[in-house]
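Let's take a friendly walk through a protein model, one stop at a time. Keep the picture open beside you and find each spot as we reach it.

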Amino acid sequence: MKVSKFGGSSVANSTQIKKVLDIINSDDERKIVVVSAPGKRFKEDVKTTDLLIRLYEKIINKLDYTHKFQQIIERYQEIVVELEMDEIILEQLKNDLNCLIDTYEDKPKRLLDALKSCGEDFNAQIIAQYNNDLGFPTRYLSPKDAGIIVTDEPSNAMILESSYEKIHKLREYEETLIVPGFFGYSENGDIVTFPRGGSDITGAILARGIEASLYENFTDVSGIFRANPTVVSQPEIIPEITYREMRELSYAGFGVFHDEALEPLYKDRIPVVIKNTNKPHDKGTFIVSERDISSLSQIVSGVSCDKGFTIINIKKYLMNREVGFTRRVLSILEEENISIEHIPSGIDNLSIIMRTTQISGKEQNVLNKIRNQIQVDELTIDYDLAILMIVGEGMNRAIGTAASATNALSKNKINLNMINQGSSEISMMFGIDEHYSDIAVQAIYDEYFTKQPTEVI
């Protein structure tokens, strides 16, 4: 039994929905389907979820939201009319939307989650009914009925372990099940959305719950590229990648598959394949627990770069002899509610890297606290840092992998602010100035993917 998830571009209009149903109905193993909200129909279009957020903003600001409400209904009306369905379903959607507004109007955080969930929920109802009308037994199932019971923090839902027992019973349904992604229900019965990429998380939860043989994630590309295609022209598609590699690449900006969605799959070693709705016969990229690296033509799986980091540099002579020094520095950041990303260090120096959004507006307060509470020799802060990540399971067995990377960056006159290799030995991380990020990605791609394969030992 497979779980198949379709992203916003795959269900943006009636034409795309027909493609989706052709894919579903062509394979009897595709029994559980997760759908997103309608995405962009064309480049300048607005995603349905964004329309729902704008509706929310009108409501909480006590403004007339009639036009925005109608815009949302019209998105679904276009789909229903083009699919030649009975338009009575639109009345139900209007009633559901009005009911949520009435219920949560005085609870802003609850209202936002409830409205955002409508994008996926309404689409799932339409798609299920249409496929049933075509003669394929299909059932819409709300996340509550599917057993997706989650924690109660708005916009940050996490699945409760106790939910998996009920989810497993979905195997007993004979019909194809269409489940909306992106949200679940708290034990109190409130709608709670997952973080960004939430439909990926829903699909992963269901795949683990029913012990799926495969989790298919359909999008608008034929797999995961080795590098950002907006930076590198026509990069290769990765045929197979491990969960660990995908997690590392996702951290540094790979946006095809939400990294939090790997967690439930990793535990039960359920393989994932990223496929293209518009080219369903393309092989795609498989994400697996382990892969054979003995015959790799390329040691490195991919390269990614993410911007928007800030680094605090601390120097103190004999820092390594001072017990509790790092703990005291980190406690200051904790007091300011700042989460950190990396802490490269030497015997007399310590660097703390965080996302700029974490420290923005708090810089002087943090620096003053460090100066006043901890005796340091030098204290500086640098902005506009990018993290360049080179990832590959075979790197720890390859000769000269790090040397090749630093040489490629040196030839392009890119200065390194920081170098770090994780204990997993599947990634190398470099801190560089933001304005070099695209040049660095191209340089590393050329070094590893346009040359002869690296020797494996």
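A disulfide is a pair of cysteine sulfur atoms within 2.5 Å. The model you are looking at is a predicted one, and by this rule its count comes to 0 disulfides. Cys118 is in no disulfide either, and its nearest cysteine sulfur is that of Cys99. Cys118 is buried, with a relative accessible area of 2%.

Helix H2 covers residues 48-60, and helix H5 covers residues 108-133. Their axes come within 8 Å and cross at roughly 150 degrees. How are the two helices oriented to each other? Angles over 145 degrees count as roughly antiparallel, so H2 is roughly antiparallel to H5. The crossing of the pair is right-handed.

Now follow the chain into the loop between H2 and helix H3, which spans residues 66-82. Here you will find Lys62. Most residues other than glycine have a negative phi. Lys62, which is not a glycine, has a positive phi of about 60 degrees. Is Lys62 buried or exposed? Its relative accessibility is 61%, so Lys62 counts as exposed.

Another residue with a positive phi is Asp384, at about 55 degrees, although it is not a glycine. While Lys62 is in a loop, Asp384 lies in strand S14, residues 378-391. Asp384 is partly exposed, with a relative accessible area of 48%.

The loop between helix H4 (88-104) and H5 holds Asp106. With a relative accessible area of 69%, Asp106 is exposed. From here we can look across the model to Arg244. How far apart are Asp106 and Arg244? They are separated by 138 residues in sequence and by 43 Å in space, C-alpha to C-alpha.

Helix H9 is made of residues 243-251. This helix is mostly covered, with 7 of its 9 residues buried. Among the buried residues of H9 are Tyr243, Glu245, Met246 and Leu249.

Our last stop is a second pair of helices, H14 (residues 401-411) and H15 (residues 437-449). The axes of H14 and H15 come within 9 Å and cross at roughly 135 degrees. H14 and H15 are therefore oblique to each other. Their crossing is right-handed. The contact involves Thr401, Ala405, Ala408 and Lys411, among others, from H14, and residues including Ala440, Ile444 and Tyr448 from H15. The residues of this contact divide into 7 nonpolar, 2 polar and 2 charged.

Key:
Residues numbered from 1 in each chain as written. Predicted model: local features only at pLDDT ≥ 70, side-chain atom pairs only at ≥ 80, totals over all residues. Heavy atoms only, no water. Axes fitted to C-alpha atoms, helices over the stretch in contact; angles between N-to-C directions. Helix = DSSP H or I, 4+ residues; strand = E, 2+ residues; numbered from the N terminus. Parallel < 35°, antiparallel > 145°, perpendicular 65-115°, else oblique. Left-handed = near helix turned anticlockwise from the far one by under 90°. Contact = heavy atoms within 4.5 Å. Nonpolar A, V, L, I, M, F, W, Y, C, P; charged D, E, K, R; others polar. Buried < 20%, exposed > 50% of the residue type's maximum accessible area, 1.4 Å probe, protein only.
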